[in-house]
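The sequence and structure come first.

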Amino acid sequence: MDVIAEGDPGFKRTKGLMNRNATLSQVLREAKEKEEIWNSNEVTMETEKKTHYGLLFDEFQGLSHLEALEMLSRESEIKVKSILNSLSGEELETLKVELEQLKEAFSLAEFCEEEEEEKKGKKYRPRMDQEVSDQAISRE
């Protein structure tokens with residue numbers, strides 16, 4: 001049979017629990033409160049860990065990378081225009097067709113739809129101006 005001595009590890013804690021005269025319901029209530037606090041802390045830590053693209057954009061200097069990409073785009077556009085200006089005839093036509101295919105492959109659908117809507121508006125604008133002028137109504 002083992003005897004518990006006052007020097008045993010954990011004895012002071014057990015003795016403290018026994019001296020408090022706590023009932024089982026109080027102990028369970030405290031344990032539940034501790035668990036709720038721990039769970040709420042865990043949830044807040046998880047939400048803090050979730051990354052936001054805005055934060056990542058700032059953290060990894062996204063603006064400077066975006067500006068660098070814009071500069072590369074402008075430089076590439078200038079190079080393409082200079083090559084197009086130096087070509088003529090059939091070579092020019094084949095290159096234009098290839099460039100148009102590349103443009104279609106890399107363009108985003110939502111931007112294309114917006115461009116088409118703008119073109120439709122430009123297409124009907126002269127007709128609308130003519131109808132308005134026929135009716136002698138000012139557009140303003």
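Leu28 sits in helix H2, which spans residues 24–49. In this predicted model, Leu28 has a relative accessible area of 52%, and because exposed means over 50%, Leu28 counts as exposed.

Gln61 lies in the loop between helix H3 (53–59) and H4. Its phi is near 50°, a positive value in a residue other than glycine. Most residues other than glycine have a negative phi. Is Gln61 buried, partly exposed or exposed? With a relative accessible area of 49%, Gln61 is partly exposed, because the exposed class needs over 50%.

The relative accessible areas of these two residues are set out below.

| Residue | Relative accessible area | Class |
|---|---|---|
| Leu28 | 52% | exposed |
| Gln61 | 49% | partly exposed |

Helix H4 (residues 62–86) also takes part in the largest pocket, where it supplies the largest share of the lining, six residues. The space in this pocket is about 340 Å³. Its lining is made up of Ser73, Ser76, Glu77, Val80, Lys81, Leu84 and Leu99. By residue type, the lining of the largest pocket holds three nonpolar, two polar and two charged residues.

Terms used. Residues numbered from 1 in each chain as written. Predicted model: local features only at pLDDT ≥ 70, side-chain atom pairs only at ≥ 80, totals over all residues. Heavy atoms only, no water. 1 Å grid on protein atoms, 1.4 Å probe; cavity = no way out; pocket = protein on both sides within 12 Å on 5 of 7 lines; lining within 4 Å. Points joined across faces, edges and corners; volume = space filled by probe spheres on them. Helix = DSSP H or I, 4+ residues; strand = E, 2+ residues; numbered from the N terminus. Nonpolar A, V, L, I, M, F, W, Y, C, P; charged D, E, K, R; others polar. Buried < 20%, exposed > 50% of the residue type's maximum accessible area, 1.4 Å probe, protein only.
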